[in-house]
Every structure is written in C-alpha cells, then in structure tokens.
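The sequence and the model are shown first.

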Amino acid sequence: MNRIFALAVSLLLISGFTTAQAAPLTLEDVNVIKQVVTVRMSPAGDRIAYLLQVPREIYVHDDGKPYRELHVTDLKGNSTPYVAGEIEITNIAWAADGKSIFFLAKRDDEADFNSLYRIAMIGGEAELLFTHVNSISRVYPSPDGNVLAFTATDGPPEKSEELEEKGFKAVVYEESVLPTKVWMLDLETLEATVHDLPGSASSFTWSSNGGRYAVALAPTPLVDDSYTSRDIHVVDAAHGKVQSKMGSVGDLSSFAFSPDGERVAYIGSVNINDPRAGRLYVASSSGGERRELVSEYLGHVENFVWSDDGNVRWLGSRGVYSEWATAPLYGTQSPGPAPKPGPIIRTVHGNPGQDVVAAIADTP
C-alpha cells in the first residue's frame, strides 16, 4: 500500500523525483495510515488547502467513516491544521480573494444535513453560513466572490417523514431518486435560488469572468445515465439559460473553460461503448466539433490544467506509471516515450498562468 502526500510540483522538476526504498508495511500500519484525498491550489498559487483523511482509532472510536480534516500548507511544506479532530469535511473551495476557505461538514451530530462553513486564513473559528433543505454535494465560489454555486437536490417530498412513521416506506424503482440541481447562493443575503436546467447536475466550473458556467447534466439522476449520457452544458450565469452543449458521448470526467472563455477542454470517451473516460478533447464553448489533443495515447488522461489560451497541461497514466506533459491547442501532440518509474501522481489542481500545481502522489 502507498503513503499519499500533498506537494507542490514544479513543472520543470516533475520528472526529477526519485523513489526511496520503502519499509515493510505491517498490519498495525494499515490502521493508522493517513491519506491526502483532496488538494486545492490557492488563487495566488502560494498555498495548498488539502483534506487529510485520518482513520478512526481502533477499539477507541465508534465505527464509522474516517475523519477528514482541513489543512493548509505553503510551498515549502509548512502545514497548519485549520479544522481538525473528529469531523468529516466532504468538500473545500478557496474564496476568490484567497483570504478564506469554504467547506462542507455536518458538525452537529443531531443535524439531518451538512452545512456550508467559511474559515479565514488569519485563523479563528469557522463561520456557519448556510444550511440547505438537503445535503450539499459540492460548492463553487464565483470569480468575483459575490456568489457561491452549489449542487444539491430539493428537500424530501412533503409528508414523506410522516408517511414513513405511519408505515409507508415503499421505494418506487427508478422514480424515487431526486435530480441534483444547480443553486446560486448570494454571499451577502445568504439566499439561494435554483436554476431550472434540463437534467440532473454533477460537475461544475465557472468561466474566468463569471458570466457563464459549464455543468455536466444527465437526463436523469440514475446510475446508467451518469455513466453514459452526461453532456457539458454552457449556461448563462445571470439567467440560468443553456447557451450551448459540447456533444460529449459516453463516460465524462473533468472539464474547464480556457482562460479567455472561448473553449472548453474535457476528458471524455471515444464513444458510448468506451468503458472509461480517458481522452483529452477541446471544443468551442459556443458549440461545435470536438478535437482530440493527444491522439493515439496508449493510456488514460486523468486530469488537466489550462496553461494559457493555447496550451493544456495534462496528467496521464500509462502502464504502471504516470506522466505530466503539455499539449498545444493547435496541432496534435505525439504521446512520446513511455513514462519512467517515479512517484505515481493521482490528481492535480492549479490555475492558468502559474508555474506550480498542487498534486496528490504516492510512493512505496
């Protein structure tokens, strides 16, 4: 098993890491291994927020999921815990100005749903901002800092709890699952409004000016549709109106606008029969034919970050190793030689125009 850690990776040095000899893993080690499960580079590129997954102490804590703590490190590895202890944080996002971090957690054991909190980088107690009528999946602060988008379902149907207490606990097959919607939370009034979109939402990203957003929508919230029928919709943020679709087919992974907002890059499938998203495509944000950036790649593209309007930096896994490369927007990139042994990079997060990205990687 591998130990997972957070690091700032220089784009010039990413191929220069070496793997140290690993000590044998004991049975006792398995119960105490901590793992970094999420990383987010700050807007200024000088700090990394990450979620540290901490196992429950065996025979001491009650049975349940591992705890997830919020920590922040600078690029030299000086890390500070911001929200730690017996808590499960499920999602984090930097505020646009980099002065605070939003996070989702259920801090009250008696609460039915999680809540949105904000904690300042100067320290202090986290501030409870908002509780929805159901659990919130993920949060996405707008570039101007005025609005926070989040994905969540509506509240349970009226009288459902009352009916359940009376013995009516029937679940209608493929009809009881609620669609996930996109909501806009005004950070001044803390009032949320929903956008009426054609499908069940999952992933989401803002354009750099905040005038539009892209969201993955499936026809229904059912599992089969989430694997085979999601497409990227570009939406006017002010009115919630769909402007265009990317025409993605089959499985779909991450996506993002180019810095100028003219294009959308995404990781998708070759066709509906492709069992896993792993091809890197780009298309006009106003709609149009997609183009593959790394053709004939004998592996899977796992993640990417826009370098600038003309280049995309991508993370791939080929064979048993990972690789980090840049694909120009104009022209087709050759995959090149197979990657060399080294730390296995699992995911990256960064901002256009910056020299470093945050990464989760592991070694023996």
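## Asn91 and its surroundings

Apart from neighbours within four places in sequence, Asn91 is in contact (heavy atoms within 4.5 Å) with Leu51, Phe102, Phe103, Leu104, Ser137, Arg138 and Val139. The model is predicted: local features need pLDDT of at least 70, side-chain atom pairs count only at pLDDT 80 or more, and totals for chains, interfaces and linings use all residues. Residues are numbered from 1 along each chain as its sequence is written, and side-chain values use heavy atoms, with hydrogens and water left out.

Asn91 belongs to strand 6 (residues 89-94); helices (H or I, at least four residues) and strands (E, at least two) are DSSP runs, numbered from the N terminus. With 4% relative accessibility, Asn91 counts as buried, where buried means under 20% relative accessible area, exposed over 50% and partly exposed in between (1.4 Å probe, protein chains only). A polar atom of the Asn91 side chain lies 2.9 Å from the backbone nitrogen of Val139. A polar contact is a pair of N or O atoms within 3.5 Å; within protein, one must be able to donate a hydrogen and the other to accept it, and residues adjacent in sequence count only if both atoms are side-chain atoms. Between Asn91 and Gly199 there are 23 Å in space, C-alpha to C-alpha, and 108 residues in sequence.

Four strands form an open sheet in the order 10-11-12-13, with antiparallel pairing; two strands pair if DSSP finds at least two bridges between them. Strand 10 (136-141) and strand 13 (192-195) are at the edges with a single partner strand each, so one side of each has no neighbour in the sheet. From one strand to the next the twist averages 30 degrees, with axes being lines fitted to C-alpha atoms (for helices over the stretch in contact) and angles running from 0 to 180 degrees between N-to-C directions. Strand 10 pairs with strand 11 (residues 147-152) in the antiparallel sense over 5 bridges, and Arg138 is opposite Thr151 in strand 11.

Strand 2 (residues 35-41) and strand 3 (residues 47-54) are also antiparallel, over 6 bridges. Gln35 has Gln53 in strand 3 as its bridge partner. The two strands form a hairpin with 5 residues between them, and Gly45 in the turn has a positive phi of about 75 degrees.

## Aromatic rings

The whole structure holds 9 aromatic pairs. Rings of Phe, Tyr and Trp (its six-membered ring) pair if their centres lie within 6.5 Å; planes under 30 degrees apart count as stacked, over 60 as edge-to-face and the rest as tilted. Phe130 and Phe150 form a tilted pair, 5.6 Å centre to centre with 50 degrees between the planes. This pair links distant parts of the chain, as Phe130 in strand 9 (residues 127-130) and Phe150 in strand 11 are 20 residues apart. Both are buried: Phe130 at 13% relative accessibility and Phe150 at 1%. Tyr140, Phe204, Trp206 and Tyr213 make up one aromatic cluster.

Two arginines lie over tyrosine faces; a charge sits over a ring if NZ of Lys or CZ of Arg is within 6 Å of the ring centre and within 35 degrees of the ring normal.

| Arginine | Ring | Distance from ring centre |
|---|---|---|
| Arg107 | Tyr117 | 5.3 Å |
| Arg290 | Tyr281 | 3.8 Å |

## His233

His233 is in strand 16 (residues 231-236) and counts as buried at 7% relative accessibility. Its side chain reaches the backbone oxygen of Asp231 at 3.1 Å. Beyond neighbours within four places in sequence, the contacts of His233 include Pro198, Tyr213, Val215 and Lys245.
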